[in-house]
Amino acid sequence: MSLVDIQRHKLAKSIDHYGRTYTFTRQKHNGFGEPEGLPEDVLTIKGLWHESQSYITLTSSEGSVVRSKPSPQIMVLWEGDFPLEQGDLLDYRDSTYRVTGFHDPTNLGIALDISLEVVIK
């Protein structure tokens with residue numbers, strides 16, 4: 001068993017035990033690029049919700065303040081083709097989140113972090 005196989009197995013066990021199932025949706029568009037109505041399910045996957053902290057600097061005439069802002073992410077097993085795209089939506093805990101990007105934190109091709117941002121209604 002290789003190191004990559006061991007890491008994949010550990011991640012799979014963690015997701016099975018602690019993960020939740022998330023369903024991502026995408027707005028259907030007609031031939032003119034206009035929304036057609038109700039969104040369609042794109043992907044249902046089990047993953048681990050976690051947050052990282054990003055820092056922003058607020059500058060004023062008297063100085064600056066550095067504040068942290070949580071950036072939600074979902075870690076999933078990466079198995080080949082991935083149908084999600086930037087802009088897809090996730091409804092979770094009375095909030096709507098938009099997919100903003102993807103990142104392989106291990107650089108081994110076994111995990112994928114789906115970065116999210118809150119959609120303000």
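In this predicted model, strand 4 (residues 89–92) runs antiparallel to strand 5 (residues 95–103), and four bridges join the pair. To find your place in this pairing, look for Asp91, which stands opposite Thr96 in strand 5. The two strands form a hairpin with two residues between them. In that turn, Arg93 has a positive phi of about 50 degrees.

From here, follow strand 5 across to its pairing with strand 6 (residues 111–118), which is also in the antiparallel sense and spans six bridges. A handy landmark here is Gly101, opposite Ser115 in strand 6.

The largest nonpolar core has 14 residues, and Tyr22, Phe24, Ile74, Val76, Leu90, Ile114 and Leu116 have the most contacts inside it. Strand 1 (20–29), strand 2, strand 3 (63–77), strand 4, strand 5 and strand 6 each contribute at least two residues to this core. Strand 6 gives the largest share, with three residues.

Setting aside neighbours within four places in sequence, Phe24 touches Glu40, Asp41, Val42, Leu43, Ile45, Ile74, Leu84, Leu89, Leu90, Val99, Ile114 and Leu116. There is also a second, separate core of six residues, among them Leu11, Leu77, Ile110 and Ala111.

Leu58 belongs to strand 2 (residues 35–60). Its relative accessible area is 39%, so Leu58 counts as partly exposed.

Conventions. Residues numbered from 1 in each chain as written. Predicted model: local features only at pLDDT ≥ 70, side-chain atom pairs only at ≥ 80, totals over all residues. Heavy atoms only, no water. Pairing = 2+ DSSP bridges. Buried < 20%, exposed > 50% of the residue type's maximum accessible area, 1.4 Å probe, protein only. Core = buried A, V, L, I, M, F, W, Y, C linked by side-chain atoms within 4.5 Å. Contact = heavy atoms within 4.5 Å.
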